[in-house]
Amino acid sequence: MQAQISPQAWQFCWALLSPDKVPEIQYFGASALHTKISRYWGDIPAEQYDTLKTQLFSQIALFASGSKIVLTRLCVALASLALNMMPEAWPGAVSEMVRMFQEEGGGVDGRARCLALLELLTVLPEEFQTSRLPQYRKGQVRGALGREWAAVYPLLQQLLRQHDSPALVKARVLKCLSSWVLLDVPLSESEGLLEAGFAALSDPELFDTAVEAIVNAISQPDSQRYVNTLLKLVPQVLQLQDQLREAVQNGDMETSHGICRIAVSLGENHSRALLEQVEHWQSFLALVNMIMFCTGIPGHYPVNETTSSLTLTFWYTLQDDIMSFEAEKQAVYLQVYRPVYFQLVDVLLHKAQFPTDEEYASWSSDEKEQFRIYRVDISDTLMYVYEMLGAELLSNLYDKLGRLLTNAEQPTSWQHTEALLYGFQSIAETIDVNYSDVIPGLIGLIPRININNVQLADTVMFTIGALAEWLADHPVMLSSVLPLVLQALGNPDLSVSSVSTLKKICRECKYDLPPYATNIVAVSQEVLIKQIHKTSQCMWLMQALGFLLSALPVEDILRNLHSLITPYIQQLEKLAEETPNPSNKLAIIHILGLLSNLFTTLDITKQEDESGESAPPVKATPPQSGPNPVVVVLQQVFALIQTVLSKWLNDSQVVEAVCAIFEKSVKTLLHDFAPMVSQLSEMLGQMYSTIPQASALDLTRQMVHIFASETDHFPPIKALFELATSVTLTIFQQGPRDHPDIVDSFMQLQAQALKRKPDLFLSESLDVKAVFHCGVLSLKFPEAPTVKSTCLFFTELLPHCADIPPVGQVVQEDGKLLLLAVLEAIGGQSSRSLMDQFAEVLFSMNKHCFGLLTVWLKEALQSPGFPSSRVSDEQKDTFSQQVLRERVNKRRVKDIVKEFTLVCRGLHGTEYAAEY
């Protein structure tokens, strides 16, 4: 690479291209030429342009019969030269190229010259697409190339129409056409070539390149302006139907795929333009039906066909275009196209059907996964189509399903039933079906389904889950479906679908479930004890039970909790006595996970408002008398959890699992957790003092967030905050680099304290100066999350310069250290993705300690080579003035910092920076 860009490259390039060198060396020479021309055009004196052009022409003529890879590189080099010289220094460049290669001579046969010219004409637009020309030049050159199409078109036309043109030449012509249409050459000006392209589709050798050329031409955004040409293309596409049907019959997937691509690109890109040509409505409808044939192409995706998936976006586009017309016009189109869309639903549900069990068993896991994704795409399409067809679509599906399940004479395949249910599920999952009058009938039909297959059972489960909201409004129907769900819970093959469906029902219908609660808990306990489900499904099941128990009276909750949790507590007691080893560690984490998932959703109060980090959370209804059931359980197991911790304090995963129980409980219970604040604060303090772990700090932050503002709980929270701070400061003294997670959590804790209870920083026991210095140190960590949390800490700290004396004092004494760290980061020490965060710190300093910042900036930027050797004193002055001027507009400061960091890194004005 270094050699290619060196000044000596001009000399050695030509030498490397000499005929006695091997192709690899010649290729290197041609590549070096291209690099010099495309990237270092400014180094070439204008008087050398013509010499360079002549040399390149003669080299291309020499290599026309030589190595193909070297020829291509030389063509790319000449293309780059032409683009840099057009239009002033080389007007009519393309015409000259055509003329030069058509002239006889040079000892090169006509066919080789012709292929070399086609190669050159093909790479020219490609080189333009990837060229580094400035924006204003791109516009000029694009215009000049557009005008040169007149010189290219006749040549391509002649070569395609000549009967004696070899297939290789015709293929290159089509490739050349593909390349030029990307320049938005008017579709009307390539009509003749497209016609020849359609003719070439009957030649297997030319088929692929012809498809590519036609699709590229039709897909150009500009082509929709040429409606007359588009109208001429429709019959040409329709004429391909016989070839398409023949390909399908013969199992020729490549041909059917290619023809389908052409039909879809015409329909998808131009449906609106073609819809508006009312007098041609029949030919467009014929095109739509041709695409429908492609959607319903026989065989199972992706094993027997890969074509149908290409068509799905067309149906979205057509629907959008029809629905965008004004009401009167839309009504006319709907008369024609509603039946088409009903047919589409039938076709899609047929395509969504599973193959026979034997066939499905023979598919690879990759094919099964592709089929699953394909069905999701069909599901999305059905959901979209519902917008057009409305309730009638559900009635239609219900009638089909009803006929299928009640027709005793005709045996039905499970695949057919499953596909219809899948259609219902697709719609009910995302669309409010409360107003549909067919859902009660559907719920009535579900128990009649002969479930003899895992896929069918899965879909039945997911369909019931999709109707959970509807069941909440029609609780009388729960008795029809709940037994099915509980039965499915015992089948490991239906683990995901049955557990997720039960969770949805428990979440949506919890106030209607008390009559079924005993049964649900009993079945759930049984499957948990038998260990039928994997860990994640066990956690979901516990969440489901949390929702269920939330709606029961407190004494029932406690009774159920007792029976549900006791086996696990006994198991945990036993595990706590054992010597720690990997297998009992997994068992402990599993049990702790079950408890925390149960407490995540067990909430006996109705929450009005999902409060974020900023506002203190609120509960709508006053809690019931007596302690919260979760608190009762936590108090009962607290001593046991302490015993587990005492043995596993070294293990971050176990500590994390313990903290998760309390963190989930605090988040769910909020102020109902109050009775445990004191003992949990004490335990957290002991844990963190013995072996500091990030999860303990995260839980402390949660406690500060909820309880720091409450007078009763301030003393234990204050003691815990001070202890956590003092222990972490010791870690900083010993070297914090090995603990970026602790530093990250510590900075988040400090920021939360400043946000929720700044008074914590008034304490004499808190070393604010040390915390500040730890923050400055943390800004230099390589881990982005840690740096983000630290920047957040400083943006929370700086506004308190005035109202918290210790903060004001430390900023006055050591604020310059913070500024230096921020400037170092902007100068290139930190990732560019973090510049917005550093800009926020700078903005906060400017807003809350302007006088000091003015002095510090001046002093800091006086150091030569700081924050980067690439910035001049003038650039530093400009940066300083721009920052100090902006005390209101944070967005502007971010832009100033981004600009300055690019200059500091030597990236300003580069293409790399343009993406930033």
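This is a predicted model: local features need pLDDT of at least 70, side-chain atom pairs count only at pLDDT 80 or more; totals for chains, interfaces and linings use all residues.
**Helix packing**

Two packed helices are described by the angle between their axes and the distance between the axes. The table gives both values for each pair.

| Helix pair | Angle | Axis distance |
|---|---|---|
| α14 (residues 253-275) and α16 (residues 312-323) | about 5° | 9 Å |
| α5 (residues 68-85) and α7 (residues 110-130) | roughly 55° | within 8 Å |

With an angle of about 5°, α14 is roughly parallel to α16, because angles under 35 degrees count as such. On the α14 side the contact involves V264, G267, E268, S271, R272 and L275, which meet T313, F314, T317, L318, D321 and I322 of α16. By class, five of these residues are nonpolar, four polar and three charged.

The axes of α5 and α7 cross at roughly 55°, so α5 is oblique to α7. Their crossing is right-handed. From α5, the residues K68, L71, T72, C75, V76, L78, A79, S80, A82 and L83 take part, and from α7, A116, E119, L120, V123, L124, E127 and F128. The contact of α5 with α7 holds twelve nonpolar, two polar and three charged residues.

**Largest pocket**

The largest share, seven residues, comes from α19. In composition, the lining has nine nonpolar, seven polar and nine charged residues.

Note on methods: Residues are numbered from 1 along each chain as its sequence is written. Side-chain values use heavy atoms; hydrogens and water are left out. Helices (H or I, at least four residues) and strands (E, at least two) are DSSP runs, numbered from the N terminus. Ala, Val, Leu, Ile, Met, Phe, Trp, Tyr, Cys and Pro count as nonpolar, Asp, Glu, Lys and Arg as charged, and the others, Gly among them, as polar. Axes are lines fitted to C-alpha atoms, for helices over the stretch in contact, and angles run from 0 to 180 degrees between N-to-C directions. Angles under 35 degrees count as roughly parallel, over 145 as roughly antiparallel, 65 to 115 as roughly perpendicular and the rest as oblique. Contact means heavy atoms within 4.5 Å. A crossing is left-handed if the near helix is turned anticlockwise from the far one by less than a right angle, and right-handed if clockwise.
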